[in-house]
Amino acid sequence: MSGQSAGARARPAREGPPAAPRRPYDGFFDVEQIFDYLRGYLDHEAERGRSPERVRTLMYQYGPVAGQIREIIADSLRVEGIDVPAGSVVVTVGAQEAMLIVLRALVTGPDDAFLVSSPCFMGITGAARLLGIPVTPVEEDAGGFLLAALEETIVRERARGRRPRAFYVIPDHSNPSGTRMSLRDRTALLDRAARHDLLVVEDSPYRLVSLKSQDRDHRVVHPGSFAKAVFPSARLGYVVADQPATGGRPRSRSGACRSATTRPPTSPWPRRNRSSRPCRNVPTTPGHCAT
């Protein structure tokens, strides 16, 4: 048998495409529940007073560009302590599209610096690379996030004539390091972000204790996803961005943006030039992020 062991011969062939890293365990899902979920949504709309014709339109016609389940997402986030209006939520095709939207909105030119914890999730660096946006690493140690490293990076980027726009971080079970940010560090990060007029892009795939739930100064932009818990194949994601807008770039006054209006994520910040430009060199050695 060509030297093949009995154990190898008995191993069944894997069906379907290769498993994605960190994918949810599908043994907890029941295929028949899909119909229960659809019926639950139809009943929800009927209870809101929607006519059968209106429900049909909701299901089979184009909806609002920002998504038609923003109210449901906003309600679910309030359970987690994130209290934002539905108008601050944009529905996306998974968290990956949410990251692309955030990057395009925040980084408008070569003088804008986008900081990322390092090592960092390749999804954000991959999205940045697609858009031709260089990322600036903020080194972690074995315990995770280092406030001093963030401070040093901000000072260094400003000395180069660049404006640190945002810092990307995964506070809970960071990918790939697996570290968790302490409550003390979360509080310190939000304080430092306000001091430096910096936005924090919080990636929270496991939906634990969110930085956004502690955000009282509109500093946190929160891309999220239900892919780990609810109907993963639907790739349902969202962005929460409740930063008040002034019609252009956010302006800081006493550490916060002030305006009477709140808009979806793409409106507080100007559109980025769509023309491509080469990526700048960033560290690619192990332990560093790479675009």
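Trainee: What is the volume of the second largest pocket?
Mentor: This is a predicted model, in which local features need pLDDT of at least 70 and side-chain atom pairs count only at pLDDT 80 or more, while totals for chains, interfaces and linings use all residues. Residues are numbered from 1 along each chain as its sequence is written, and side-chain values use heavy atoms, with hydrogens and water left out. On a 1 Å grid over the protein atoms alone, a pocket is an open set of points where a 1.4 Å probe fits, with protein on both sides within 12 Å along at least five of seven lines, and a volume is the space filled by probe spheres set on the points, which are joined across faces, edges and corners. For the second largest pocket, that volume is about 850 Å³.

Trainee: Which residues that line the second largest pocket are the closest to its centre?
Mentor: A residue belongs to the lining if it has an atom within 4 Å of a grid point. The lining has 26 residues, and the closest to the centre are Tyr41, Ile69, Phe231, Ala234 and Leu236.

Trainee: Which element gives the largest share of the lining of the second largest pocket?
Mentor: Helices (H or I, at least four residues) and strands (E, at least two) are DSSP runs numbered from the N terminus. At least two lining residues each come from helix 2 (33-47), helix 3 (52-60), helix 4 (70-79) and strand 1 (89-93). The largest share, five residues, is supplied by helix 2.

Trainee: Within what arc do the buried residues of helix 4 fall?
Mentor: Buried means under 20% relative accessible area, exposed over 50% and partly exposed in between, with a 1.4 Å probe and protein chains only; in helix 4, Arg70, Ile73, Ala74 and Leu77 are buried. The arc is taken from the directions between the helix axis and the C-beta atoms. Seen down the axis, the buried residues of helix 4 line one face, because they fall within an arc of 100°.

Trainee: Which strands are included in what covers the buried residues of helix 4?
Mentor: Contact here means heavy atoms within 4.5 Å. The cover of these buried residues includes strand 1 and strand 7 (236-240).

Trainee: With which side chain does the side chain of Arg219 make a polar contact?
Mentor: Arg219 is in the loop between strand 5 (199-202) and strand 6 (220-225), and its relative accessibility of 2% counts as buried. A polar contact is a pair of N or O atoms within 3.5 Å; within protein, one must be able to donate a hydrogen and the other to accept it, and residues adjacent in sequence count only if both atoms are side-chain atoms. At 3.1 Å, the partner of the Arg219 side chain is that of Asp197.

Trainee: What is the phi of His218?
Mentor: His218 lies in the loop between strand 5 and strand 6, where it is partly exposed, with a relative accessible area of 29%. Its phi is positive in a residue other than glycine, with a value near 55°.

Trainee: How far apart are the C-alpha atoms of Cys120 and Pro137?
Mentor: Cys120 is in the loop between strand 2 (112-118) and helix 6 (122-130), and at 10% relative accessibility it counts as buried. Pro119 has its place in that loop too, and the peptide bond from Ser118 to Pro119 is cis, with omega near 10°. Cys120 and Pro137 are 17 residues apart along the chain, and their C-alpha atoms are separated by 8.5 Å.
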